[in-house]
Number of protein chains: 8
Amino acid sequence: MGFAKIDHHRTERCGAPEAIYCQGKTAEQVAQIVERMNQGAHDILATRANAETFAAVKKLVPEAEYHETAKLIIVRKETLTPDPDRFILVITAGTSDIPIAEEAALTAELMGHRVERVFDVGVAGIHRLFAQEEKIRSANVIIVAAGMEGALASVVGGLVNKPVIALPTSVGYGASFEGLAALLGMLNSCAAGIAVVNIDNGFGAGRLAGMMNSMR
Amino acid sequence: MGFAKIDHHRTERCGAPEAIYCQGKTAEQVAQIVERMNQGAHDILATRANAETFAAVKKLVPEAEYHETAKLIIVRKETLTPDPDRFILVITAGTSDIPIAEEAALTAELMGHRVERVFDVGVAGIHRLFAQEEKIRSANVIIVAAGMEGALASVVGGLVNKPVIALPTSVGYGASFEGLAALLGMLNSCAAGIAVVNIDNGFGAGRLAGMMNSMR
Amino acid sequence: MGFAKIDHHRTERCGAPEAIYCQGKTAEQVAQIVERMNQGAHDILATRANAETFAAVKKLVPEAEYHETAKLIIVRKETLTPDPDRFILVITAGTSDIPIAEEAALTAELMGHRVERVFDVGVAGIHRLFAQEEKIRSANVIIVAAGMEGALASVVGGLVNKPVIALPTSVGYGASFEGLAALLGMLNSCAAGIAVVNIDNGFGAGRLAGMMNSMR
Amino acid sequence: MGFAKIDHHRTERCGAPEAIYCQGKTAEQVAQIVERMNQGAHDILATRANAETFAAVKKLVPEAEYHETAKLIIVRKETLTPDPDRFILVITAGTSDIPIAEEAALTAELMGHRVERVFDVGVAGIHRLFAQEEKIRSANVIIVAAGMEGALASVVGGLVNKPVIALPTSVGYGASFEGLAALLGMLNSCAAGIAVVNIDNGFGAGRLAGMMNSMR
Amino acid sequence: MGFAKIDHHRTERCGAPEAIYCQGKTAEQVAQIVERMNQGAHDILATRANAETFAAVKKLVPEAEYHETAKLIIVRKETLTPDPDRFILVITAGTSDIPIAEEAALTAELMGHRVERVFDVGVAGIHRLFAQEEKIRSANVIIVAAGMEGALASVVGGLVNKPVIALPTSVGYGASFEGLAALLGMLNSCAAGIAVVNIDNGFGAGRLAGMMNSMR
Amino acid sequence: MGFAKIDHHRTERCGAPEAIYCQGKTAEQVAQIVERMNQGAHDILATRANAETFAAVKKLVPEAEYHETAKLIIVRKETLTPDPDRFILVITAGTSDIPIAEEAALTAELMGHRVERVFDVGVAGIHRLFAQEEKIRSANVIIVAAGMEGALASVVGGLVNKPVIALPTSVGYGASFEGLAALLGMLNSCAAGIAVVNIDNGFGAGRLAGMMNSMR
Amino acid sequence: MGFAKIDHHRTERCGAPEAIYCQGKTAEQVAQIVERMNQGAHDILATRANAETFAAVKKLVPEAEYHETAKLIIVRKETLTPDPDRFILVITAGTSDIPIAEEAALTAELMGHRVERVFDVGVAGIHRLFAQEEKIRSANVIIVAAGMEGALASVVGGLVNKPVIALPTSVGYGASFEGLAALLGMLNSCAAGIAVVNIDNGFGAGRLAGMMNSMR
Amino acid sequence: MGFAKIDHHRTERCGAPEAIYCQGKTAEQVAQIVERMNQGAHDILATRANAETFAAVKKLVPEAEYHETAKLIIVRKETLTPDPDRFILVITAGTSDIPIAEEAALTAELMGHRVERVFDVGVAGIHRLFAQEEKIRSANVIIVAAGMEGALASVVGGLVNKPVIALPTSVGYGASFEGLAALLGMLNSCAAGIAVVNIDNGFGAGRLAGMMNSMR
């Protein structure tokens with residue numbers, strides 16, 4: 001394949017399969033890359049995949065699954081047993097942040113981690129967040145997906161002594177500038193120890209959470 | 001004075017004396033404007049005044065006072081009795097936000113309002129904020145001064161059913177972009193009913209709070 | 001519902017029902033949230049709703065109304081009698097600002113306020129504005145919706161001693177940068193005491209106006 | 001002089017002497033350029049000159065004058081009689097805009113035009129502007145210098161049927177972003193027929209006004 | 001009409017009919033405004049009109065014309081004889097700038113001016129420009145429409161002693177940021193006496209040119 | 001043709017035919033320009049052409065070819081023999097950068113150069129890059145096309161003593177801001193001697209590479 | 001102390017003492033806060049402290065130390081024994097990034113971690129980096145401090161299967177926009193699993209690294 | 001030296017000694033790096049050096065020279081004879097661009113190239129440029145240093161068939177945004193084959209020119 005160089009050593013080197021980023025690739029290119037990677041032994045993940053891309057993949061690799069909300073294609077080849085005592089918690093500020101949050105959650109699950117979800121607990125009704133305080137405190141790593149002003153990351157960061165991954169989303173309008181407001185808010189969080197990833201980068205947040213949760 | 005047109009009708013029209021914005025004016029110009037306004041019956045307020053400007057004013061109007069933290073020059077000519085039951089609360093996220101918060105508080109006090117202050121209760125240690133919940137709930141209007149990510153405005157906005165004035169400050173560094181991150185955060189607040197003013201505009205926040213607190 | 005946490009206590013706490021922000025939610029999700037909230041006693045408001053979303057809501061909650069210009073879905077459950085002596089005035093600079101202005105006006109009306117409208121009185125033909133001066137002076141709170149350079153907010157703010165809510169719209173092209181020029185203009189208004197909300201945030205402006213108009 | 005090429009033909013070609021922009025040049029360089037240009041027959045103008053630069057110029061060209069407010073060095077060599085019936089009006093929104101406005105006014109006067117000045121008539125107290133309506137209507141060309149939100153240009157542009165030159169200044173703070181808010185406001189003015197120049201470009205505004213006022 | 005206030009006095013006051021800006025208005029709204037304005041005696045101009053809007057206008061005002069390239073609807077009611085000795089020249093850097101240039105040219109022609117056009121003479125092949133030097137020098141006012149880096153305005157501005165109106169267009173890609181590069185280039189032109197208008201604001205450039213060309 | 005001035009002297013002057021930039025031109029305009037240029041003796045290149053434009057060209061100039069990935073129309077009229085010992089290398093960071101890279105490669109080939117391609121060797125798996133080190137070191141000029149953070153240009157620039165042309169692409173999402181992150185990264189490269197072109201400007205990169213490779 | 005609320009519970013809650021951010025506070029305020037915190041049992045850290053602030057602290061708390069390069073004041077009260085097998089590696093691209101890198105390193109050391117340093121191994125001379133490959137691979141957590149284009153974070157991220165904290169610095173000029181280029185580059189890194197912090201936020205990077213290194 | 005890793009192999013690899021970028025380094029650090037590099041056989045270049053840094057270097061390496069305008073420290077150790085037939089031409093738009101242009105020129109001269117200079121020939125007086133046309137056409141590589149709108153690069157790029165390196169400078173004010181306008185203008189140049197470097201990056205431009213001029 002002239003258009004892609006597959007990185008078979010990556011799993012050994014980095015602890016997770018290289019993902020395929022589908023935007024800017026034709027459905028046919030993605031399908032061929034998945035087929036080639038399917039000759040290896042590791043799980044395969046394709047992000048930002050639309051239905052048309054999935055159809056092309058399905059034709060060449062029938063066992064591929066599609067997660068529509070998260071826009072992920074997954075081919076499962078490994079069986080990993082999560083450690084039930086060390087879970088990753090994925091929190092969203094609103095309902096509209098769920099697709100990006102699911103991209104993060106599924107990525108971490110594919111890496112063999114237990115993932116819990118708490119959705120729609122933004123700071124404007126902060127009692128909804130505090131109702132989940134016990135779960136928040138028992139998580140090992142927390143991902144906070146939020147758009148608009150992204151304040152939830154600061155509040156959660158102030159509650160726990162575990163790393164918080166701030167995942168800004170492009171949810172919002174006007175002066176949210178497609179996620180810029182949330183991104184800047186999270187980068188300037190007054191709570192120390194917050195790790196920020198790119199806007200809408202659920203995959204990166206999931207991978208980072210998985211890496212952290214594997215440390216021991 | 002060719003360089004300034006004084007607006008003697010303003011108090012009748014708008015409920016508060018026009019303030020003098022000192023930046024970009026020479027100390028001498030400010031002093032002359034204050035002197036001219038001193039012929040009227042109303043309080044005088046000069047914002048963003050440095051010590052040199054105050055010295056020039058003091059020479060022409062000896063009764064002028066200087067509030068160094070807030071960089072305000074005040075000439076008091078009226079005696080207004082605040083309504084003790086309706087107070088404005090000024091909250092800051094951090095210690096560094098105090099100068100701007102004081103500009104707001106003194107402006108509102110000069111308009112005849114009772115002002116309470118709660119400083120350094122940012123969201124990274126949210127129990128410090130909740131320790132003040134009773135005071136927050138009994139305020140009539142609340143000003144929240146915060147730099148960095150400005151999340152405090154959203155949290156306070158979600159707690160009360162009174163108007164919250166979000167006052168972004170330029171406190172921060174790096175991607176705070178001199179207050180831009182706080183400003184965008186506050187404009188995108190998920191708490192509805194938040195009024196935003198310009199970065200470091202303590203005077204505007206104080207004036208707006210005074211106006212709201214006068215409504216009945 | 002895993003995807004949304006409904007905030008039944010909000011009306012008591014904040015004086016108004018929580019609104020549903022429809023963008024980024026599926027029609028089906030909005031419909032289910034409205035149906036669940038319909039079990040409560042309070043009015044329901046869904047903003048930025050398109051026709052497809054309304055159709056889904058209508059199926060589950062037949063009494064829902066749709067305001068197409070303002071893109072609002074409303075379910076009325078309360079009967080509030082506005083105080084005729086205290087009205088909110090909604091002004092637009094141009095005809096293209098009307099949809100956002102209506103979002104603000106309907107939001108405030110749903111909160112039980114009398115709302116008056118004056119449309120298309122931008123500063124380029126300032127006599128059109130002054131022809132409305134009496135109405136402007138008798139309003140209790142004023143919302144000014146304007147795109148392009150947003151200068152109308154400053155002019156109105158200089159005329160009255162009541163709070164002015166500046167509502168920038170994305171009307172314009174080129175260097176308006178989808179409302180940024182209006183937003184910056186309003187934040188830098190030389191008229192003190194102006195409250196700014198996010199670009200196109202008619203709902204926020206309406207809610208804030210309602211809150212202010214309830215103060216006494 | 002290796003560092004500068006003087007453009008002796010410019011006056012014939014463009015109707016005005018080339019000005020020397022002093023920033024980024026050493027005092028010595030400016031002085032040598034002025035001395036060389038002084039061998040010609042035309043007036044000389046050096047903009048953004050500080051006192052040190054003037055001292056260096058004065059040593060080589062003793063007849064040079066310094067206008068401190070406008071930061072201009074002028075060497076007068078021509079006697080032009082302005083047409084009293086066609087005047088340029090320079091208006092400022094505030095006192096702090098005067099230095100830039102004077103740069104514009106002096107530039108136009110040096111080109112042989114009558115210039116009138118009206119300072120400190122910003123839109124927040126719009127009756128101050130209307131008190132000058134007759135003078136505004138009798139001007140042939142109008143320059144409006146304003147910082148902050150720059151709304152004055154739109155209001156003046158709506159009052160007259162003569163060209164208005166909008167001159168944004170860097171007066172302001174916070175979200176004025178050193179004149180950006182005023183610049184964007186003026187570019188998006190809802191009043192048609194407004195000519196915008198760079199932030200703080202008093203020289204350019206004066207030159208443009210002079211050119212326009214020479215048309216017949 | 002609740003949605004629009006027609007400004008019948010504008011022609012007397014400003015020398016040109018108020019134009020209707022079609023974006024953000026429904027086809028029906030535009031048609032009704034044109035019909036109402038058609039009761040007056042002046043020409044009517046609607047900018048940024050698409051075919052659907054024209055169809056709606058045509059139904060109510062059959063004599064309306066549509067200029068597709070420039071997206072203008074015109075209703076001619078006046079006969080003005082241009083002064084053949086004083087013409088406005090409209091220059092473009094490339095072929096893609098023609099639609100905006102035509103908006104400017106037609107606007108000025110409707111105001112009763114003679115307009116000449118020279119298209120596709122950008123600075124990358126500067127001999128194409130110099131081949132037109134005589135025409136450029138004989139123009140009374142020049143409009144330069146250019147996207148990308150907008151350098152043509154500076155070169156033309158350096159050639160003539162008449163006002164140059166720089167009209168940035170959104171032609172370009174990547175770091176042109178939809179016309180921002182051209183706009184900034186024109187605002188910073190090293191040629192003095194250049195009047196800048198908003199990106200793609202052909203109407204404003206045409207109106208300003210007409211105003212200037214009427215001065216005598 | 002009123003809408004375009006063809007620059008027949010360009011090849012002599014600049015060593016390459018003027019290309020036609022198709023965006024913002026109608027298919028008919030492009031076709032007519034190609035037909036006119038076809039009367040000359042040089043190759044013709046039209047960039048950013050879609051299928052509809054190609055169809056229009058094909059009708060008038062049947063020998064035209066279309067390169068779909070690169071969106072180029074080419075009419076070959078010259079036979080140039082590349083120097084096999086001096087080749088241009090085109091490298092991409094990912095598969096999604098290929099269309100822009102092909103625009104560059106085909107442009108350089110049309111100028112008579114040998115071009116080699118190495119795709120999908122981004123820095124996240126840097127051994128893929130080093131596997132190509134010999135080819136990289138033997139190239140005479142290198143083009144590096146990369147989106148996202150654009151780091152590949154710095155790494156390649158540090159490996160060779162030949163000029164590197166950094167070609168940022170708009171591949172990415174969120175805070176890539178449509179290629180801005182890659183552009184800024186490349187402009188700030190810590191490797192000296194890197195030549196940057198506009199985002200997605202494959203044509204410019206190819207032309208520049210051709211010019212450099214012709215130097216001797 | 002009205003100006004600060006000390007958060008004595010923070011160590012229990014978050015695993016590290018609250019740091020004092022000195023910018024925007026007077027030397028006297030910092031000194032009083034340190035003195036008050038000194039009554040507790042935990043280490044104290046004050047960031048971005050200048051010499052004058054340290055002098056004020058020293059007077060009240062003589063055992064305070066000053067780290068000039070990193071601008072840190074430290075009061076040591078605890079003795080923590082680092083785990084020698086799990087170290088944090090701090091890497092810089094250049095010499096100018098060292099002050100920020102030291103802020104990170106000292107913060108992590110104060111939390112009880114072993115920290116190793118590798119400075120001046122930017123990607124423009126990538127063999128300098130690979131000479132350190134063994135140390136890089138044996139680290140448990142890696143902080144990469146880099147200004148300019150920030151590419152080093154991507155290269156390191158591609159080499160290891162441990163979390164990488166990308167710390168952008170404001171080192172650079174021109175289009176680095178005071179660290180923005182490095183920040184955007186790091187957010188868009190093609191290497192997955194990178195945690196980004198604010199520009200020049202060495203403290204946050206150190207705290208995050210310490211938190212991660214404590215996970216087991 | 002813990003703070004710097006010297007890259008002795010660089011000259012062989014890249015054809016030019018590694019330069020020392022002085023900003024962000026102490027004078028003492030620079031002096032030590034120069035001293036260490038002085039043990040090698042190659043010329044040494046330190047950029048953006050102030051007088052204090054030079055004094056520190058001079059003490060350890062007495063043969064070092066200082067070029068004040070260009071802010072360069074040079075230690076000459078090699079004797080290279082330039083090829084007189086292949087020269088690099090450095091052009092500036094204005095006098096204020098000379099310091100950056102000299103940084104470029106001296107860098108290229110140190111690499112062993114003949115450099116010619118033509119200063120102050122900006123496009124506003126384009127005949128000054130054309131007076132130099134012969135010299136421009138005989139150059140082998142051209143560097144164009146320009147601030148403000150940077151249009152000179154486009155005009156020169158259209159005149160020649162040799163590579164043009166566009167070097168934006170931070171000369172300007174207001175909407176030049178410290179060189180951003182020039183940078184964007186150059187990136188969007190309508191003349192193909194222009195290589196852009198960072199704002200004020202004279203060193204990079206000189207290095208790139210030297211590399212190109214060495215190709216044969």
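These legends walk through several close-up views of a predicted model, from one chain to the contacts between chains. Local features are given only where pLDDT is at least 70, and side-chain atom pairs only at pLDDT 80 or more, while totals for chains, interfaces and linings use all residues. Residues are numbered from 1 along each chain as its sequence is written, chains are lettered from A in the order in which they are written, and side-chain values use heavy atoms, with hydrogens and water left out.

**View 1. Chain A on its own, with 9 helices and 9 strands.** Helices (H or I, at least four residues) and strands (E, at least two) are DSSP runs, numbered from the N terminus. The C-alpha trace of chain A spans about 50 × 40 × 25 Å along its principal axes. Chain A has 9 helices and 9 strands, and its radius of gyration is 18 Å, close to the 17 Å that the globule rule gives for 216 residues, so chain A is as compact as a globular protein of that length. That radius is taken over C-alpha atoms, and the globule rule is 2.2 Å times the number of residues to the power 0.38.

**View 2. A salt bridge inside chain A, between Glu102(A) and Arg117(A).** A salt bridge here is a side-chain nitrogen of Lys or Arg within 4 Å of a carboxyl oxygen of Asp or Glu. By this rule there are 56 salt bridges over all chains. In the pair shown, the side chains of Glu102(A) and Arg117(A) meet at 2.8 Å, N to O. Glu102(A) belongs to helix H4 (residues 98-110) of chain A and Arg117(A) to strand S6 (residues 114-118) of chain A, so the pair ties together parts that are 15 residues apart in sequence.

**View 3. Where chain G meets chain A.** Contact means heavy atoms within 4.5 Å, and 34 residues from chain G and 34 residues from chain A take part. Together the two chains bury about 2,600 Å², 62% of it on carbon and sulfur atoms; buried area is the accessible area (1.4 Å probe) that two parts lose on being put together, summed over both. Between chain G and chain A there are 0 salt bridges and 3 residue pairs in polar contact, with both residues at pLDDT 80 or more. A polar contact is a pair of N or O atoms within 3.5 Å; within protein, one must be able to donate a hydrogen and the other to accept it, and residues adjacent in sequence count only if both atoms are side-chain atoms.

**View 4. The side of chain G that touches chain A.** At least two residues come from each of helix H1 (10-14), helix H7 (152-159), helix H8 (180-187), strand S9 (194-196) and helix H9 (202-213) of chain G. The largest share, 6 residues, comes from H9(G). By class, this side has 17 nonpolar, 9 polar and 8 charged residues.

**View 5. The axis relating chain G to chain A.** Superposition is by least squares on the C-alpha atoms of residues with pLDDT of at least 70 in both copies. In chain G, the C-alpha nearest the axis is that of Arg216(G), 1.7 Å from it. Since 100% of the interface residues of chain G are also interface residues in chain A, the copies meet through the same surface.

**View 6. Chain C beside chain E.** A turn of 90 degrees with a shift of 0.0 Å along the axis superposes chain C on chain E (RMSD 0.0 Å), which is the relation of a four-fold axis. Their contact takes 17 residues from chain C and 20 residues from chain E. The buried area is about 1,500 Å², with 53% from carbon and sulfur atoms.

How values were computed:
Nonpolar A, V, L, I, M, F, W, Y, C, P; charged D, E, K, R; others polar.
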